[in-house]
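Subject: Structure handover

Hello,

Here is the structure for you to take over. Please look through it first; my notes follow below.

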Amino acid sequence: MKKRLIWIAVLLLLVGGGVGFWRWRSAHAAPTVSYKTAPVDKRRITGRVTASGTLSALVTVQVGTQVSGRIQKLFADFNSQVTKGELVAKIDPQIFEATVQQAQANFMQAKAGVVTAQANALAADKAYARVKALHDANLAAQADLDTAEANVATTHASIDAANAGLAQANAQLHQAQVNLSYTSIISPIDGVVISRNVDVGQTVAASLSAPVLFTIAQDLTKMQVDTSVSEGDVGRLQVGMKTYFTVDSFPGQRFLGKIRQIRNSATTVQNVVTYDAVIDVDNSDLRLRPGMTANVTVIYAERKDALAVSNAALRFRGPPSAAGSAGASPSGSGRGHHGPPGAASAAPADPDAPESKTVWVLRGSTPTQVTIHTGLSDGTVTEVVDGLAEGDAVIVDLDNGDGNSPASSSKGSPSLRMF
């Protein structure tokens, strides 16, 4: 019986020790890491710049008024076709007609003043001639002769003053007539009325600025898109590049255009700097309307059968087991965690020159760090200039099976599992 109890106790000790060792090993075992890979293959890569803009006519004129008054009549409305010189609105002219009549009366009075001054000057000349004849015959005093001479000078000066008054009255009459003509609002161009801002009976006041009555677009068959391109993308654009854009009114349809101008004037909104790229658009079918929002895409480069790597592989920073050998990576690596801070994001001087990046390639069961040179990117994949071969499996992500990143684990080196 004693021997049996001893064997039972030994057996229990062995079982307890085994269970304890198994639990200790399970607690300190390295988690299994699963690597997600993507193959390096050949595909078509297209570099695009996207921006939003607003459609507008090539020439848009705001028609205003230079005089104040009440709108008497409108001869144009929204979408009206108008021609250059056509009457589009009329301001009540009664006050301006009265001003013209008053200016005409002043002008006639000034003309009469000129005639009066001329008559006075003629009379003074004759009086001077008589006094001078009497003075020569010693029948008039010298004082009378001096007085007659002064009257001649005064009356001739009065003629000049009357002529000046006549010119001033003429100018006032002309100004009154011009103001009267401004009561007729004339279209300055051939086009379509896209906006009317007044109604009959409304009073407009022209003080510091001319009130806008109509907005006229010259030709809606030829339009333009003013796009806001970020400063990071504007260097990729050139005048003459072909573009396409979509509008919400016609989903799924593409409209073609061409860059006519890239303006140097910058616009800053919330510390974001943009530039206006003007795109010419053919609108012969008149489907596009001013004010529509256009989502513009510009294809600035394209590669056919280019060796491509996933951008997720460029963002992958490597397994934690390789942290100790980080310093062995070649200098100039791109977005990897190796090298001095900031070196990875340094842009090359030549925008077309390849950029150095670091990726991890799974060779067998071992992740290997490789430095590559990249080219064109479409946001999803990036062109590989050199450093990789077609079919290489690059690591894009990893998972240790418990939802935690191996980089944050300190339980030892993980074992490897590929899929």
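The buried residues in helix H3 are Leu145, Ala148, Val152, Thr155, Ile159, Ala162, Leu166, Ala169, Leu173 and Ala176. Please keep in mind that this is a predicted model. Helix H2, residues 94–136, is part of what covers those buried residues of H3. H3 itself runs over residues 142–181, 40 residues in total. At 1.5 Å a residue it should span 58 Å, and its end C-alpha atoms are 59 Å apart, which agrees.

Next, the sheets.

S5 is joined to strand S8, residues 191–196, by two bridges, and the two run antiparallel. Valine 82 has glycine 191 in S8 as its bridge partner.

Another open sheet, also of four strands, has the order S7-S6-S4-S9, and its pairing is antiparallel. Strand S7 (184–186) and strand S9 (203–204) are the edge strands, each pairing on one side only. Strand S4, which covers residues 69–74, pairs with S9 over two bridges in the antiparallel sense. There, glycine 69 stands opposite valine 204 in S9.

Leaving out residues up to four places away in sequence, threonine 243 touches Phe255, Leu256, Gly257, Lys258, Ile259, Ile279, Val296, Thr297 and Val298.

The largest cavity holds about 40 Å³ of space. Its lining is made up of Val49, Thr50, Ala51, Thr227, Val229, Leu237, Ile259, Ala277, Ile279, Val296 and Val298. At least two lining residues come from each of strand S2 (41–57), strand S11 (222–230), strand S14 (272–282) and strand S15 (293–310). S2 gives the largest share, three residues. By type, the lining of the largest cavity has nine nonpolar residues, two polar and no charged. Ile259, Ile279, Val296 and Val298 from this lining are also among the residues that threonine 243 touches.

Regards

Conventions: Residues are numbered from 1 along each chain as its sequence is written. This is a predicted model: local features need pLDDT of at least 70, side-chain atom pairs count only at pLDDT 80 or more; totals for chains, interfaces and linings use all residues. Side-chain values use heavy atoms; hydrogens and water are left out. Two strands pair if DSSP finds at least two bridges between them. The expected span of a helix is 1.5 Å times one less than its number of residues. Buried means under 20% relative accessible area, exposed over 50%, partly exposed in between (1.4 Å probe, protein chains only). Contact means heavy atoms within 4.5 Å. On a 1 Å grid over the protein atoms alone, a cavity is a set of points where a 1.4 Å probe fits but cannot get out, and a pocket is an open set with protein on both sides within 12 Å along at least five of seven lines; lining residues have an atom within 4 Å of a point. Grid points are joined across faces, edges and corners, and a volume is the space filled by probe spheres set on the points. Ala, Val, Leu, Ile, Met, Phe, Trp, Tyr, Cys and Pro count as nonpolar, Asp, Glu, Lys and Arg as charged, and the others, Gly among them, as polar.
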